[in-house]
Amino acid sequence: MKGIVFTEFLDLVEDKFGLEMVDRIITQSKLESEGAYTAVGTYSFSEMLRLLQNLSSNTGISIDNLLLTYAEHFFSVIESSYPGLLATYKDPIEMIASIENHIHVEVRKIYPDAELPTFIVEQQTANSLVLIYKSSRAMHHFGLGLMNKTFEHFNSTATIVLEKIKEDGTEVKFWIDKN
């Protein structure tokens, strides 16, 4: 997993819960990296999972809700760091539908060894989208949070329902209807 995911996560934890919480979850997680991340480095997903589990234990907030909150934070990083990418789209449905064939292509240019989830468009209309998410990491709530922020970015709203195709969350169907 790319280091930017870790550095931004720890920034979010510091902003929301304080530096003491950052230190606490790093210590509790017994990380191979010892919590020293660089944005361009590559680290084990198991470290992110331990950080999330320990943050959840310390705050009483579910991992799914932490991932939603983190996605909102991460979208602001995308907005400030890659405004040109977002400017290529006029509509949230168009942007979300292009994750696999455009956005992830651009991400791989910056981070060639990034391990990204797969998004398959099953159905698309001007106001709706059915999307399949596949990832061994089962971070579909992170994806859901990014989708919510995408609609907000375009001053729009949507109803987004997710249905687990596989119980472990490694394959999820998103039903997206623009309001």
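The legends below describe close-up views of a predicted model. Local features are given where pLDDT is at least 70, side-chain atom pairs count only at pLDDT 80 or more, and totals for chains, interfaces and linings use all residues. Residues are numbered from 1 along each chain as its sequence is written, and side-chain values use heavy atoms, with hydrogens and water left out.

**View 1. A negative surface patch brings together D11, E14, D15 and D23.** Such a patch joins like charges within 9 Å, taken from residues with over 30% relative accessible area and no salt bridge, where Asp and Glu count as negative and the place of a charge is CG of Asp or CD of Glu. Helix α1 (residues 3–17) gives the most to the patch, with 3 residues, while D23 lies in helix α2 (residues 19–29); helices here are DSSP runs (H or I) of at least four residues, and strands are runs (E) of at least two. D23 counts as partly exposed because its relative accessibility is 45%, the classes being buried under 20%, exposed over 50% and partly exposed in between, with a 1.4 Å probe and protein chains only.

**View 2. Within helix α2, R24 and E20 are separated by about one helical turn, because they stand 4 residues apart.** The two form a salt bridge in which the closest N and O atoms are 3.0 Å apart, the term requiring a side-chain nitrogen of Lys or Arg within 4 Å of a carboxyl oxygen of Asp or Glu. R24 is partly exposed at 30% relative accessibility, whereas E20 is exposed at 59%. The structure holds 9 salt bridges.

**View 3. Strands β3 (residues 158–164) and β4 (residues 171–178) run antiparallel and are joined by 7 bridges.** Two strands are taken to pair if DSSP finds at least two bridges between them, and K164 has V172 in β4 as its bridge partner. The strands form a hairpin with 6 residues between them, and in its turn G169 has a positive phi of about 80°. The side chains of E171 and K166 also meet in a salt bridge (3.8 Å, N to O); E171 is buried at 16% relative accessible area, and K166 is partly exposed at 42%.

**View 4. A salt bridge joins the side chains of K173 and E122 (3.2 Å, N to O).** This pair links distant parts of the chain, with K173 in strand β4 and E122 in strand β1 (residues 118–124), 51 residues apart. K173 is buried, with a relative accessible area of 16%, whereas E122 is partly exposed at 44%.

Note on methods
Patch = residues over 30% accessible without salt bridge, like charges linked within 9 Å, V, L, I, M, F, W, Y side chains within 5 Å. Areas by Shrake-Rupley, 256 points an atom, 1.4 Å probe, with all protein chains shown as cover.
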